[in-house]
Amino acid sequence: MDIYFYNTLTRKKELFKPIDSKEVKIYSCGPTVYKDATIGNLRTNIFQDILRRVLKYNGYNIKHAMNITDVGHLVSDGDEGEDKMLKSAREEKKSPMEIAEHYTKLFFKDLESLNIETPEIICKATDHINEMIEYVKKLIENGYAYETSTAIYFDVSKLDKYPILSNLNLEDQKAGARVNIDEEKRNPYDFALWIKAPENHLMKWDSPWGKSYPGWHIECSTMGQKYLGEQFDIHTGGIDLIPTHHENEIAQSKGKCGKIPARFWLHGEYLLINGGKMSKSLGNVYLMKDIIEKGYDPLVYRLFSYSSHYRNKLNFTWEGINATAKSLERLRNGYQTHLQGTDDVEDKIINEFESKFHQAINDDLNMPLAVGVVWDVVRQEKKSPKFAKLLEKFDTVLGIKIQQKVSIKQDLPQEVLDLIEQRKQAREQKDWAKSDEIRNLLESMGYEVKDTKDGMEVK
Ligand code: AMP
Ligand code: ZN
């Protein structure tokens, strides 16, 4: 079945065909590991995971690279301010390496909790310093870069077209002095490839330009090319990356080898909180930890993210999460009911549902529509293991662990959730007496407790 993706590069939905007929090569801009990943950041990771899973559903092998930015991302995207890693290291009184390790670990824990597949290639900026230097040298050699007393800049006036990905208005940029802090820059919108380090700068490396460190965009161009080639199939990221980071990645790649690095550029929209921005000052920055601490299965957030298409904004509310928790429970219960059903269903009906689901996911990852088909199957009056099998197939894309038996009702009072947790721990420690004691207590409170091979069921 044909696959269509909306390509930011051409601003239209296009038929997708990979360069290699069997394997799709994807590059995703990964996290800057200087702080916890928010549920906003993770929305983008869920979208990228869906992309992988949909391509696999269509029979493709995947070679997916994701970088870890552990140097070079300045506080402002306009080559200003401190390196985000250094700022965090200073504030937390740790070394940049400790900061990077700490937040990288937490990031992967979040991905795991959301059942997000780990990309085949994970590459760190600081492991590719020499290759980045070679890349910059080649850009100078090709006439696309020049040195000033503070940095090596990319000369965007050398390109036949800039910008090409975004609606970036260069006149506006020129008017705002933001991009033009270095008087030696030839054009206000030239961007830093490599930055000469001040004397007391913490992260710096030897280079032909003295002790220095990379600009933010060069890492993705270097690692993308190294692992996926000069041109690969799909490049992804959050929508905010279009006008600077991705625009400049394209500039670098054109300067080095004359090619736009990816044929398709897919961008995920933002997550809003109660209709507005997520920000520290508003005290509404939520992490996966906050969702889990309230007793929700982390996959509730994954399912919640399907309520909006990845190119539309998604509005987070706790009411929405609560309602989705119930939906997840109903979907999983619905799967179990079909599994135990005895009705016969014609293959034609199964195929029709499969085809509807397949069409939805192949139409630019239309998850809201695909989830609608899932509900139609769950709600079928006839109960049949054939439907259960179909739901298992759908779940290779959904990733909501539909086969998992509902173990904890999300609207249980905190007191009950605490007891369930204590009983789980007692059972892990094989303290059967305590486990029974807690079960009795729960039953005396009016809750039914059943132990199944998939865990504890409390009703
Ligand atoms: P940051 O750590 O803020 O630089 O964000 C890392 C990446 O996560 C960004 O480049 C965005 O693509 C993505 N991102 C940040 N905030 C949100 C949000 N509220 N919703 C969706 N994606 C986001
Ligand atoms: Zn990137």
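**View 1. Shell of ligand 1 and its main helix.** Helix α1 (residues 39–57) gives 3 residues to the shell around ligand 1, the largest share; helices are DSSP runs of H or I with at least four residues, and strands are runs of E with at least two, numbered from the N terminus. The model is predicted, with local features needing pLDDT of at least 70 and side-chain atom pairs pLDDT 80 or more, while totals for chains, interfaces and linings use all residues. Residues count from 1 along each chain, chains are lettered from A and ligands numbered from 1 as written, and side-chain values use heavy atoms without hydrogens or water. The shell (a heavy atom within 4 Å of the ligand) includes Tyr34, Lys84, Asp240 and Glu269.

**View 2. Polar contacts of ligand 1.** Nitrogen atoms of ligand 1 take part in contacts (N or O pairs within 3.5 Å) with a backbone N or O atom of leucine 271 at 2.7 Å, a polar backbone atom of glycine 40 at 3.0 Å and a polar side-chain atom of threonine 44 at 3.0 Å. Of the 480 Å² that ligand 1 exposes when taken alone, the protein buries 81% (Shrake-Rupley method, 1.4 Å probe).

**View 3. Zinc site.** Cys29 (SG), Cys220 (SG) and His245 (NE2) coordinate the zinc ion (ligand 2) at 2.0 to 2.1 Å; donors are N, O and S atoms within 2.8 Å of the metal (3.2 Å for Na, K and Ca), and the site may look incomplete because water is not among the atoms. Cysteine 29 lies in the loop between β3 (23–28) and α1, and cysteine 220 in helix α6 (residues 217–228), so the pair ties together parts 191 residues apart in sequence.

Definitions and conventions
Polar contact = N/O pair within 3.5 Å; in protein donor to acceptor, adjacent residues only side chain to side chain.
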